[in-house]
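I opened the model and worked through it in short passes. My notes follow.

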Amino acid sequence: MDYFLTGGTGFIGRFLIDKLLKRGGTVHVLVRKESVEKLNVLRERWGDNESRVKAVVGDLTQPNLGIDSAVLGGLKGKVDHFFHLAAVYDMGADEASQIATNIDGTQQALNAAEAMSAGCFHHVSSIAAAGMFKGTFREDMFEEAEKLNHPYLRTKHDSEKLVRDACKVPFRIYRPGMVIGHSKTGEMDKVDGPYYFFKMIQKIRGALPQWMPTIGIEGGRLNIVPVDFVVNALDHIAHVEGEDGNCFHLVDSDPYKVGEILNIFSEAGHAPRMAMRIDNRMFGFIPPFIRQSLKNLPPVKRLTSAVLDDMGIPPSVMSFINYPTRFDARETERVLQGTGIEVPRLPDYSPVIWDYWERHLDPDLFKDRTLRGTVEGRVCVVTGATSGIGLATAQKLADAGAILVIGARKPERLHEVAAELESRGASVHPYQCDFSDMEECDRFVHTVLDNHGHVDVLVNNAGRSIRRSLDLAFDRFHDFERTMQLNYFGSVRLIMGFAPAMLERRRGHVVNISSIGVLTNAPRFSAYVASKSALDAFSRCAAAEWSDRNVTFTTINMPLVKTPMIAPTKIYDSVPTLTPEEAADMVAEAIIYRPKRIATRLGTFAQVLHAIAPKLGEIVMNSGYRMFPDTAAASGSKSGEKPKVSSEQVAFAAIMRGIYW
């Protein structure tokens with residue numbers, strides 16, 4: 001038996017050819033001249049040579065598929081089954097390309113099938129041919145399709161109409177649902193359909209613990225089917241006698257709602273599930289013209305566009321969230337009865353779908369998400385770069401090929417660090433500066449701009465921490481002045497100095513090393529936390545002003561890090577802390593991905609707890625405050641004896657890992 005396929009090298013086609021070869025047939029595959037090598041690679045997959053999988057060079061949009069007349073004549077009367085699978089399966093494709101492929105391509109496939117005197121023309125259409133029909137769409141329905149506004153819906157409908165009206169040979173029509181990966185291997189070749197929401201699920205997983213309930217949408221029912229079901233059903237039905245002229249829905253007769261699908265894949269991806277889902281019908285009392293007017297407001301449109309762009313979701317996909325169509329598949333079920341071919345339930349195979357996406361299709365896999373790819377040849381400024389987090393960050397940037405500008409208060413140590421970094425092959429430019437002095441900050445900014453022209457990344461790391469109870473600070477107002485001077489005013493002075501050049505170039509990134517204490521409202525750190533909170537607030541305001549000018553801010557709510565800054569507090573020697581290198585990894589993540597905030601899950605939870613149950617959060621922090629005493633220096637004692645740490649303190653600090661006490 002001989003077969004001819006368009007789209008044979010596509011996703012569905014490559015699985016179908018494997019099935020046809022197992023029937024002992026010879027398969028002729030339409031390929032463009034430049035895609036012959038792709039077919040050769042697939043031959044290895046199928047384990048067959050050119051004797052059974054034959055390349056037919058042509059072009060879908062050319063007359064008779066662009067097949068040479070002699071080749072076309074040689075196929076006449078020999079093709080038992082002509083499978084037309086080639087189409088644009090992309091919601092984001094432009095209208096012209098969809099018309100050229102889906103409609104014009106189908107017409108040329110019909111012409112070629114007639115010229116070959118094919119035994120049967122198998123047209124792989126789509127449930128999209130029904131448009132946005134409200135209700136149940138049967139296999140014998142076609143003209144009833146409605147709301148074909150989207151180019152994909154319209155071209156799939158019109159291409160099926162061509163087959164119904166103009167096919168000169170026997171034909172069968174198949175309407176698959178949304179085809180996703182193989183239910184056994186997860187194999188898929190592109191991001192489409194529900195895959196568009198995987199990045200959103202992944203980001204939620206990175207921000208929240210899996211046990212935390214979230215709020216989402218309910219949406220309509222999306223008809224999702226794995227490619228192996230589609231191919232198995234297509235192969236079987238195509239070879240059943242007496243079914244010419246019929247249409248078959250290759251769908252799930254019991255599809256899931258959008259919210260259910262997102263929860264199924266959230267569970268597969270170990271992300272939080274939506275405990276409450278909002279149904280669009282709840283807003284049915286609002287007149288449609290008011291809802292549409294709200295959607296068209298410029299701020300709403302811009303916010304929607306920004307969110308969708310960040311998640312990698314094409315805007316057109318959102319119109320299918322409340323998909324209104326159900327599909328009856330009684331003809332398909334009749335023909336498949338007793339074959340064992342049926343749609344597996346999505347929860348049973350969603351883990352392999354997720355795993356394959358995360359290993360092979362995640363868009364981040366195809367981006368240069370390395371620190372070198374982000375900063376090589378770019379001017380990066382790190383303050384407080386001679387110890388702790390600043391030094392570890394400077395070392396990472398130096399190794400990544402950045403043009404590194406480092407600033408610190410002590411010139412001897414500064415030049416010592418610069419020499420060490422230069423020995424690693426780095427381009428290092430040290431400038432002495434006391435960042436608590438506004439005049440020195442201005443001089444630092446002018447020197448850097450004069451020598452380098454601009455700054456691409458500013459890491460505000462230089463800071464001062466004071467651990468002292470308020471009871472011991474009534475006569476120490478200078479504690480608050482000193483922390484604000486360096487942590488807030490110094491950082492803002494640098495931002496305001498470097499920002500004009502960033503805004504002019506429409507490129508710049510500011511990374512502020514803040515504290516987990518801002519999220520937990522850490523007792524004994526009122527001066528320090530207040531200064532960091534001020535910088536956080538300033539950065540949020542500035543980010544709102546410069547959001548559309550590509551000058552961005554990242555705040556890192558850093559947990560407790562073992563640096564010289566915490567050395568005076570001897571009790572920290574006995575509690576878990578991050579190393580400076582681990583903290584520098586967080587800074588590198590901030591530079592590469594530019595998130596708004598980086599925080600530990602415990603820090604995020606503390607902030608949420610303070611928002612929803614502030615008294616409970618206050619009690620927890622007060623318990624820690626009473627458990628850990630002030631240092632001898634803070635209380636005015638001259639004792640240098642290392643304080644004893646109880647097992648209760650160690651246990652509490654381990655549970656609250658990274659929080660300042």
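I looked up L65 and found it buried, at a relative accessible area of 0%. Buried means under 20% relative accessible area, exposed over 50%, and partly exposed in between, with a 1.4 Å probe and protein chains only. L65 sits in the loop between strand 3 (53–57) and helix 3 (69–75). I take helices (H or I, at least four residues) and strands (E, at least two) as DSSP runs, numbered from the N terminus. Phi of L65 is near 65°, a positive value in a residue other than glycine. Most residues other than glycine have a negative phi. I noted H270 too, with phi near 60°. H270 lies in the loop between helix 8 (258–268) and strand 14 (274–278).

A note on method: this is a predicted model, where local features need pLDDT of at least 70, side-chain atom pairs count only at pLDDT 80 or more, and totals for chains, interfaces and linings use all residues. Residues are numbered from 1 along each chain as its sequence is written, and side-chain values use heavy atoms, with hydrogens and water left out.

Next I took the chain as a whole. It has 661 residues, and 51% of them count as buried. I read off 24 helices and 22 strands. For contacts (heavy atoms within 4.5 Å), I took those with a separation of 6 or more; residues 24 or more positions apart account for 78% of them.

Then I went to the cores. A nonpolar core is a set of buried Ala, Val, Leu, Ile, Met, Phe, Trp, Tyr and Cys residues joined through side-chain atoms within 4.5 Å. The largest has 78 residues, and L5, F83 and L250 have the most contacts inside it. Helix 7 (residues 227–238) gives the most to this core, with 8 residues. Which residues does F83 touch, leaving aside its neighbours within four places in sequence? The list includes Y3, F4, L5, H122 and L234. A second, separate core has 37 residues, among them L404, L414, I513 and A583.

I turned to salt bridges (a side-chain nitrogen of Lys or Arg within 4 Å of a carboxyl oxygen of Asp or Glu). The count comes to 38. E187 pairs with R14, the closest N and O atoms being 3.9 Å apart. That pair links distant parts of the chain, 173 residues apart, with R14 in helix 1 (residues 11–22). E187 is buried at 16%, and R14 is buried at 13%.

E358 and R205 meet at 2.6 Å, N to O. E358 is in helix 12 (residues 346–361) and R205 in helix 6, 153 residues apart. Both are partly exposed: E358 at 24%, R205 at 22%.

E243 bridges to R334 at 3.0 Å. They are 91 residues apart, with R334 in helix 11 (residues 330–336). Is E243 buried or exposed? It counts as buried, at 7% relative accessibility. R334 is partly exposed, at 41%.

Last, I checked L578, in the loop between strand 21 (551–558) and helix 20 (580–593). L578 counts as buried, at 16% relative accessibility. The C-alpha atoms of L578 and K562 are separated by 6.1 Å, with the two residues 16 apart along the chain.
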